[in-house]
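Subject: Structure handover

Hello,

Here is the structure I said I would pass on. My notes on what was found in it follow below.

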Amino acid sequence: MQKKRWGSLLAALGIVMAVGLTACGKGGQTSGGNGSAGTSAKEETKEEQAAVTEAASQEAASEEAADETPAEQTIRVMWWGNQDRADTTAEMIHLFEEKHPGVTVEFEFTDWTGYWDKLSTLAISGNLPDVLQMDVGYLVQYATSGLLADLQPYITSGALDLSGVPQSVIDCGEVGGAIRALPTGSSAPALAYRPDVAEEAGVEVPMEMTRSQYLDLCREVYAKTGWKTSFYPSVDFLDYSLRNYGLHFFNEDGSALGFDDPSYIVKIWQCKLDGMEEGYNIKPEDVTSESTDIYAKDTWIDPLWSNQLGTYETDSGCELKLVNLVQEDDAVEPSNYLRPTMYWSVAEGSENTDLAVEFINFFVNDTDVYDIVGIDRGVPVDADTKAYIGDKLEGAAAKNNEFVAWLSEGDRLGDPIIDQSPKAAEVRDKFGEVTQKVVYRVETDLEQAAKNFMEEANAILASAAE
Amino acid sequence: MEDKKKRTWRQKTAAVLNKQWVAGYVFIFPFIIGVLVFKLAPFFTSFYLAFTDYSVLSPPKWIGLDNFRKMFLQDEKFWASLLVTFKFAFVQVPVKLAVSLLVALVLSRRSRAVGVYRTIFYIPSLMGGSVAVALLWKQLFAMDGVINVLLGWIGIPPVQWLTNPSTALYVLIGLGVWQFGSSMLIFLAAIQNVPATYYEAARIDGAGGFTCFFRITLPMITPVLFFNLVNQLIGALQAFNSSYLITSGGPLNSTLYYGLHLYNRAFKYYEMGYGCAMAWFMLVIIGIFTALVFRSSSAWVYYESEVK
């Protein structure tokens, strides 16, 4: 008796240690249907205890034949986001479980930064969740590392029914000839402005403007109200400008920049500098807002992603309206495009790929989902669900939906482009740094600065493409 | 038979467990595990990774000295960040030591409320490492923050502390200096350990406050000054938090600490191998500075026990 107790105690101790150690190695991986981040730690310890007792009892009953329970399937789902998203997604998952008897969905979520730290540790330990939320900035990195499953076979077989999804949206998940992710929804870059300021200045803001119309408008509002604009020559805006000429920031396969004339860059820099000179464009050192409260403090008109409208309205405490991006005067192609808000991906080597794909299919096609989650992950990609949700929205969500619908009409959208180079983020940041030097007037030789940037960027991209 | 065997087994274990050194090891066991798993293993792993191309998501590839070559020859931000870190360390450390010594002197006076003051002055350090304080600091120095409001009262126009490349670093240095509590406490203890008889003798000889400080207090606490100097220098060279939280290295990389650049490389651009190489180079730099301080100490640090 005594010996046996000692033995099981030691075994239990060993298991505790093993569990503890693997938990460390996997970067604190949890697997629990816990409803909120706050409780996850607690849940984890509970589960460890459960594992210990389970293991101990298994040892005691080791001679008994292992009773395998069939039809019980489990998948793990992981995403980033705030508490609201967590609550609605959990509800959606319960609906999925209801509609798929015998299926258990374990899930976890974190904030944006924590998500990528966690995901990379899970990736190293070969322990990625079956379904994971993916972002355009990380897609290539993960896909080229062989971590995401190809969805094409499932699309072909119909297990993932994308009949109502435009091909251009599906293409957003293509990396190296395979579909590695599916957009959860779309949003688009837009200009948001404060109608109250426009009214005060007595100006109309049209849905579509050329660059010179826009600048005239900014001058007028500044003269009448003192409100400045905060147009900033970020890498995105360089890209919009390039798209007007049928070009892109990166080339097709990400091996180099997509343009070879520095004057494209110089032009948008000069636009900012001229505006600062004249006074209607804010100087970088005068910016006081943190980010999403910008309309309360620094500007009356500024670009944003249409799906972020609600956040900006709340944080700035003012009503906003959306109009299309500014088009270059001599534009030959529309600059705007629908960008995937985020993606769903299936991990390569998932043991339950079919079920994971079914989960994504459920998200795409089941209209009941949208009664719960709304357009938190973007305007739905499937035509039917998009139409279904259209009438049910209000406030910022309705404005976003309306704007995306408006863009989709007529000839207002170009092709989306997904950065194909794993060094894309570095090159984007590099452009940001040079731009900062320019707008702080530290760098005054714009032509040379643009040339230098392009040379360095091409070198980085080429080295990564080898 | 079996019963006997069991007993001997149990007796043997008991004999082992009853030895004193066993209890000792059992008690430090968690700590040893911690050191092995969280300190030593990463330490050696990072040394290996410094010579690899490691994107975190795929296995490391051995590339020899390429990381170091890139660091010294190609990465201009590497040198820029090193410069920022030196500037930060060489301004912050002396100022912080001076301030903490001054406060320690004031608080070493005998008075009833002195305990309360000590606590109050130590509070910034208690909260020091926290994210909240850094964010609060950011608010204080914002365009519409308290500092600018105060300046407004005395007629000074608001200053763009954090968005101006020439002031941003000093705001961060200010935050570091403000957290002087721990070195202040160490100074305080040292000051109170200086025998009162020295001062009495000096006073009889007609020495004033300043003379007492420079001729008695300061020489007597040089060992502690030395300790604080080394500690603060190492801490400052490894600085990360304040820049990450308040300015993210901006504006114009004027607050891009070495630590932050390393973090960006390793975790933002997935160049873990390069990050490890940077970390090892910093280790060398810290080693050099610490050695220099130690070397110089024989010239200015006074130990009572020393026979000259």
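L322(A) counts as buried, because its relative accessibility is 10% and the cut-off for buried is under 20%. Please keep in mind that this is a predicted model.

L322(A) sits in strand β10 of chain A, which covers residues 321–323. Leaving aside residues up to four places away in sequence, L322(A) touches A190(A), L191(A), A192(A), M207(A), L304(A), S306(A), L309(A), K399(A), N400(A) and F403(A). One of these, M207(A), is 115 residues from L322(A) in sequence, yet the two C-alpha atoms are 7.9 Å apart in space.

Strand β10(A) belongs to an open sheet of 3 strands, in the order β9-β8-β10 (chain A), with antiparallel pairing. β9 and β10 of chain A are at the edges with a single partner strand each, so one side of each has no neighbour in the sheet. From one strand to the next, the twist averages 40 degrees.

β8(A) and β10(A) run antiparallel and are joined by 3 bridges. Within that pairing, L191(A) has V323(A) in β10(A) as its bridge partner. Helix α17 of chain A (residues 395–408) packs on this sheet, where it touches β8 and β10 of chain A, and its direction makes about 10 degrees with that of β10(A).

On the other pairing, strand β8 (residues 189–193) of chain A is joined to β9(A) by 5 bridges, again antiparallel. The bridge partner of A190(A) in β9(A) is L304(A).

The five-stranded sheet

Chain A also has an open sheet of 5 strands with mixed pairing, in the order β2-β1-β3-β12-β6 (chain A). Here the edge strands are β2 (103–110) and β6 (182–183) of chain A; each has a single partner strand, so one side of each lacks a neighbour in the sheet. β6(A) pairs with strand β12 (residues 343–346) of chain A in the antiparallel sense over 2 bridges, and P183(A) has Y343(A) in β12(A) as its bridge partner.

Helix α5 (residues 136–144) of chain A packs on this sheet and touches β3 and β12 of chain A, with its direction at about 125 degrees to that of β3(A). Helix α3 (residues 83–99) of chain A lies across β1 (73–80), β2 and β3 (131–134) of chain A, and runs at about 170 degrees to β2(A).

Chain B has 15 helices and 2 strands. Of its 308 residues, 41% are buried. Among contacts in chain B between residues at least 6 apart in sequence, 70% join residues at least 24 apart. The accessible surface of chain B is about 18000 Å², and 68% of that belongs to carbon and sulfur atoms.

The contact between the chains takes 31 residues from chain A and 26 residues from chain B. Together the two chains bury about 2500 Å², 55% of it on carbon and sulfur atoms. On the chain A side, E426(A), E433(A) and Y440(A) lose the most area to chain B, together 17% of what that side buries. There are 5 salt bridges between chain A and chain B. A salt bridge joins the side chains of E433(A) and K77(B), at 2.4 Å from N to O.

Regards

Definitions and conventions: Residues are numbered from 1 along each chain as its sequence is written. Chains are lettered from A and ligands numbered from 1 in the order in which they are written. This is a predicted model: local features need pLDDT of at least 70, side-chain atom pairs count only at pLDDT 80 or more; totals for chains, interfaces and linings use all residues. Side-chain values use heavy atoms; hydrogens and water are left out. Helices (H or I, at least four residues) and strands (E, at least two) are DSSP runs, numbered from the N terminus. Buried means under 20% relative accessible area, exposed over 50%, partly exposed in between (1.4 Å probe, protein chains only). Contact means heavy atoms within 4.5 Å. Accessible areas come from the Shrake-Rupley method with a 1.4 Å probe; for residues, only the protein chains shown count as cover. Two strands pair if DSSP finds at least two bridges between them. Axes are lines fitted to C-alpha atoms, for helices over the stretch in contact, and angles run from 0 to 180 degrees between N-to-C directions. Buried area is the accessible area (1.4 Å probe) that two parts lose on being put together, summed over both. A salt bridge is a side-chain nitrogen of Lys or Arg within 4 Å of a carboxyl oxygen of Asp or Glu.
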